[in-house]
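Q: I would like to learn how to read the main features of a protein model, step by step. Could we take them in turn?

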Amino acid sequence: MTSTTTPAPAPPPAASRGPGAAPPRSPGDPAVRVRGLAKRYGVKQAVDGLDLDLAAGEIVAVLGPNGAGKTTTVEILEGFRDRDAGEVRVLGEDPARAGRAWRARIGVVAQDSRDQAELTVAESVRSTARYYPAPRDPDEVVAAVGLTAKAGARVRSLSGGQRRRLDVALGVVGDPEVLFLDEPTTGFDPQARRTFWDLVLGLRDAGTTILLTTHDLAEAAHLADRVAVVRDGQVVAEGTPETLGGPDARTPLVSWTVDGVRHAERTEAPTALAAHLMATAAGADGEVADLCIARPGLEDVYLGLLAKETDA
Amino acid sequence: MSTAAPTLARAGARPARLPGVARLALVRAAVELRQFWRERDAVVFVFAYPIVMLAIFSTVFGSEDQGTDVAAIGYAQYFLPGMVATGVMLTSFQSLAISIAVERDDGTLRRLRATPLPVAAYVGGKVLLTLATSVAQTALLLAVAALAFDVPMPSDPDRWVTFAWVFVLGTATGTVCGVAFSSLPRSGRSASAVVTPVVLVLQFVSGVFFAFFALPAWMQTLASVFPLKWIAQGMRSVFLPEEMAALETGGSWQHLATAGVLVAWLVVGLVVGVRTFRWRRRDDG
């Protein structure tokens, strides 16, 4: 990665959407609406009655372990896979039947691409822009993903992170209303990831609706307006990153050790409990052994959700 | 949204229309040509193969005239039409069947599928690339044959008319069959292994490397089913003396049958290609 030399991204180019530019949908309609989606591969039920809504202009992160059905769901929404059952609407149309005009309004950043190796970055973005009726300025898009210095370089010579940023450039150059990002920052170093996050937030601020799948809980916490946890092809929990899992899952956990035995207690008043412990469980030096007060983060909540579902 | 206002206003004043298929085919052709030229090894192979084969066979068998008591000509002259036909087959059928299978594998097709680019423009770009490479490669082959191997070029305009339609029809047929065949290899890596033997076998049974009249009858019959034999025969009618027509299976150049078989394959290739074209790999869900 050359992110250390990459300037902070410019604001996303040619910010495009406001309420007035919206397509023929009534304002309240969700940008994406999924009901009872099902898809089976052989004996494996990859997606099993999945429901999901994305309001226009929000970032929703779909979290879930490998094989949970995230990518299959996204590919059905992109019009790339058929579904077995369920109702799907993206920008008011059924992706399985939507045509060119609909494709001009969505953007796709898929996993794992190795194409266009012999083109330069600029050629790749410029030619892709010409497929669209009203594209963004290709040079501005290249600048926004921090690849201006690499504009003349062959795609085959890019590092993994640069390649990924090119994928994003190709996904947004058509000025999409809905953008699908499938595990976009896999293989990024922390700084490149942070730069990328700023880019995504900029796109959202320009009015783009973004569906993001990720394994990265910090990414979901940083970017997402809402989070949906998918397990075995279903959404098992949904909410903002701050409220996911409900209040119980967020209750601070106080843990300590007495005589070699570990104790833990969830409480809304951790300070009071700590004071109580100081009085009752402290050793000769006045310290409570291994005292720890933890507020569960998104990752703890997420892992807790998956564990709870497995137990059930 | 203040920064967005100018763009919004523009989009509102000028309702965006989707670019036309013909224009997009040209955009794709430019991309295809660029990528083709930058794949140096492929360029060398496509352009050099027929010329190298012509050189080898003409040098090894150069002293043996081809033909019978009826008519006999130098080896290079007899061999050239077969090499022209092979060149057309390589730049159209083989190149396309392999390149589309590879592009299905490496994500090119998937990415294009996510854009408003219609499939017709993608295939159109391939057709234009094929046309450009076929013309360049055939011109180079003819130049080498004429200058280095003293193969006489026809002076009769009628023969060049025959050359033109056999070349165009052969390239078109090879192109659509290449698009159709590209769905057969399971992956981009196996594409060469699946496509190349088909082309090689066709070359041997279609009288590209050997005099067609010297092949066993069953082999001639088998070859008559496929386009390559007819492209080669059509090219023989361009570059061989008129009396050599007596050596063809029907005792004549059979232009009508040539056109018929090529058109039939064109239609079959088109129908199969349209019905089987896939944006994803076969084993991908």
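**Reading the two chains**

Q: How many helices and strands are there in chain B?

A: Helices (H or I, at least four residues) and strands (E, at least two) are DSSP runs, numbered from the N terminus, and in chain B there are 11 helices and two strands. Along the sequence, chain B has the pattern α-α-α-β-β-α-α-α-α-α-α-α-α. This is a predicted model, in which local features need pLDDT of at least 70 and side-chain atom pairs count only at pLDDT 80 or more, while totals for chains, interfaces and linings use all residues. Residues are numbered from 1 along each chain as its sequence is written, and chains are lettered from A and ligands numbered from 1 in the order in which they are written.

Q: What percentage of the residues in chain B is buried?

A: A residue is buried if 20 or more other C-beta atoms, placed from the backbone, lie within 10 Å of its own, and of the 285 residues in chain B, 43% are buried.

Q: Which strands form the open sheet in chain A, and in what order?

A: Two strands pair if DSSP finds at least two bridges between them, and in chain A an open sheet of three strands has the order 2-1-4, with antiparallel pairing. Strand 2 (44-54) and strand 4 (85-90) of chain A each have a single partner strand and stand at the edges, so one side of each has no neighbour in the sheet. From one strand to the next the twist averages 25°, where angles run from 0 to 180 degrees between N-to-C directions and axes are lines fitted to C-alpha atoms, for helices over the stretch in contact.

Q: How many bridges join strand 1 of chain A to strand 2 of chain A?

A: Strand 1 (residues 32-41) of chain A runs antiparallel to strand 2 of chain A, and eight bridges join them. Val32(A), for instance, is opposite Leu54(A) in strand 2 of chain A.

Q: Which helix packs on the sheet?

A: Two residues are in contact if their C-beta atoms, placed from the backbone, lie within 7 Å. Helix 1 (residues 70-77) of chain A packs on the sheet and touches strand 1, strand 2 and strand 4 of chain A, with a direction at about 120° to that of strand 1 of chain A.

Terms used:
Buried ≥ 20, exposed ≤ 12 C-beta atoms within 10 Å, placed from the backbone.
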